[in-house]
Amino acid sequence: MDIEAERTLYQELSTLNRLRSNFSDVGFWQPRLYTDSKGKVTFKTSFPDNLTRWDAVIYAMNPKLQTGTYQSSIRSYKPLIAELLTPAFLLAGDTAYVETLIRDYTGQEEQTGNIRMTVDNDTIASAPLQFRTVHQDKFPVYAANGDTLVTTFIYQSHDGYRDGEERKIPVMGVGTPIYRENIQTLFAGDTIHVTGAEDMQTTIILNEKILTLYRGLADYLTGYQYACNEQLSSKLIGLLINREICKINDTTFPYDKNINEIIQRLSRNQNEEGLWGWWNKTPHTTAWISNHIIEVLKIAADAGYHVPAKTNFPVAYNNNAYTLKDNIGLLYASTLWNIPEDIEQYIEVYEEEITKRKKAGEKTISGMKKCF
């Protein structure tokens, strides 16, 4: 770029005095573009406010289904940048610092201007500033009860150029939310009384059909945010319940692909022991997660889905790596697929352990034979 072009670009960028607040990770997406007879296409787009380098990936296909890919990069740029560095979130009552950074790419020996810092529209700092190349600072903020803390930082130079950012900080409540749910069946003439603490939010949902309730609970399972092995199996339960509800309502079930994907993923995550841990194909087995997955995969198999996981699950008379409850649970879950020939011996060993613990005054489980 020649000097004259740089000056022109600088003048154009100097007119962009808008407060930047849209910080998306995706610059643009244009899936329906058609080239002209010379193979060219143009379009207009507005970039987010991130001042960074964007990787642009272009996919093309002609009427003969021949394809091509091209990758380049585009820079979002301003000659003088004022940025805010904020925490990802705060807890109500927290006091923290937000950092500010001003970077000058104009090549001038010194910049002179003013800064302004606001929190929820209240100005907490306003002062003249002289600096060279880079200026850093930090300002305290207090998170009162509320959903969001809105912070803004602006630098305006003596020639009228201005840049700044607005960033929102989520404010979380202190403690762990507790959800309690009570499901009741009501008949004509029934009356119920609902009371709660002052800081408790109470929601009452009335469903005409019990299947509507079950469908909502299944949707909750299906919509789990993360995908560890335990949560994958819980999603699978929700999807299988939805499938049964669709059969009852004689409606189409559109999620067979999702069920098969989860089954395949759980099967791939089975470790060398033939069991599962928290994440991926970890060698560290977690007994209760394995029990959960074994049972869910059996439900899926009984529903007609192909389960490629190895189903000769290992059981032990008394594996000291697990609790007694986990050992018994693993035996029970395994018998859903294959009943060991010496199952009576398993039961006797565990019954002896239960009796011994009872004599020692420990609380334990009983009635184990009823499970098998």
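Predicted model: local features only at pLDDT ≥ 70, side-chain atom pairs only at ≥ 80, totals over all residues.
Which residues of α5 are buried? They are A287, I289, S290, N291, I293, I294, V296, L297 and A300. An α-helix has 3.6 residues a turn, so residues three or four places apart point the same way. The cover over the buried residues of α5 includes α3, α4 and α6. After α5 comes G304, which has a positive phi, near 105°.

One of the helices covering α5 can be followed in detail. The axes of α3 and α5 lie 9 Å apart, and the two helices pack at an angle of about 30°. Angles under 35 degrees count as roughly parallel, so α3 is roughly parallel to α5. Their crossing is left-handed. On the α3 side, the contact is made by N229, E230, S233, S234, L236, I237 and L240. These meet W288, I289, H292, I293, V296, L297, I299 and A300 in α5. By class, this contact between α3 and α5 has 10 nonpolar, 4 polar and 1 charged residues.

Helix α3 (residues 229–249) also has α2 (residues 210–222) as a partner. How do the directions of α2 and α3 compare, roughly parallel or roughly antiparallel? The axes of the two helices come within 7 Å and cross at roughly 150°. That angle makes α2 roughly antiparallel to α3, because angles over 145 degrees are counted that way. The crossing of α2 past α3 is left-handed. From α2, the residues in contact are L211, Y214, R215, A218, D219, L221 and T222. Their partners in α3 include S234, I237, G238, I241, I245 and I248. The contact of α2 with α3 has 10 nonpolar, 5 polar and 3 charged residues.

Is T286 buried or exposed? Its relative accessible area is 16%, so T286 is buried; the cut-off for buried is under 20%. Leaving aside residues up to four places away in sequence, T286 touches W276, G277 and W278.

N269 sits in the loop between α4 and α5 as well. With 9% relative accessibility, N269 counts as buried. Beyond residues up to four places away in sequence, N269 touches N229, L232, L275, W276, N280 and K281.

One of those contacts of N269 is N280, which has its place in the loop between α4 and α5. N280 has a relative accessible area of 44% and is therefore partly exposed. Its backbone is also worth a look. Most residues other than glycine have a negative phi. N280 is not a glycine, although its phi is positive, at about 50°.

T133 has a positive phi of about 70°, although it is not a glycine. Its relative accessibility is 47%, so T133 counts as partly exposed.

The last pair of helices is α6 (324–335) and α7 (residues 343–359). The axes of α6 and α7 come within 11 Å and cross at roughly 160°. That makes α6 roughly antiparallel to α7. The crossing of α6 past α7 is left-handed. Which residues of α6 meet α7? They are L324, N327, I328, L331 and T335. On the α7 side, the residues they meet are I343, Y346, Y350, E353, I354 and R357. Sorted by class, the contact of α6 with α7 has 7 nonpolar, 2 polar and 2 charged residues.

Notes. Residues numbered from 1 in each chain as written. Heavy atoms only, no water. Axes fitted to C-alpha atoms, helices over the stretch in contact; angles between N-to-C directions. Helix = DSSP H or I, 4+ residues; strand = E, 2+ residues; numbered from the N terminus. Parallel < 35°, antiparallel > 145°, perpendicular 65-115°, else oblique. Left-handed = near helix turned anticlockwise from the far one by under 90°. Contact = heavy atoms within 4.5 Å. Nonpolar A, V, L, I, M, F, W, Y, C, P; charged D, E, K, R; others polar. Buried < 20%, exposed > 50% of the residue type's maximum accessible area, 1.4 Å probe, protein only.
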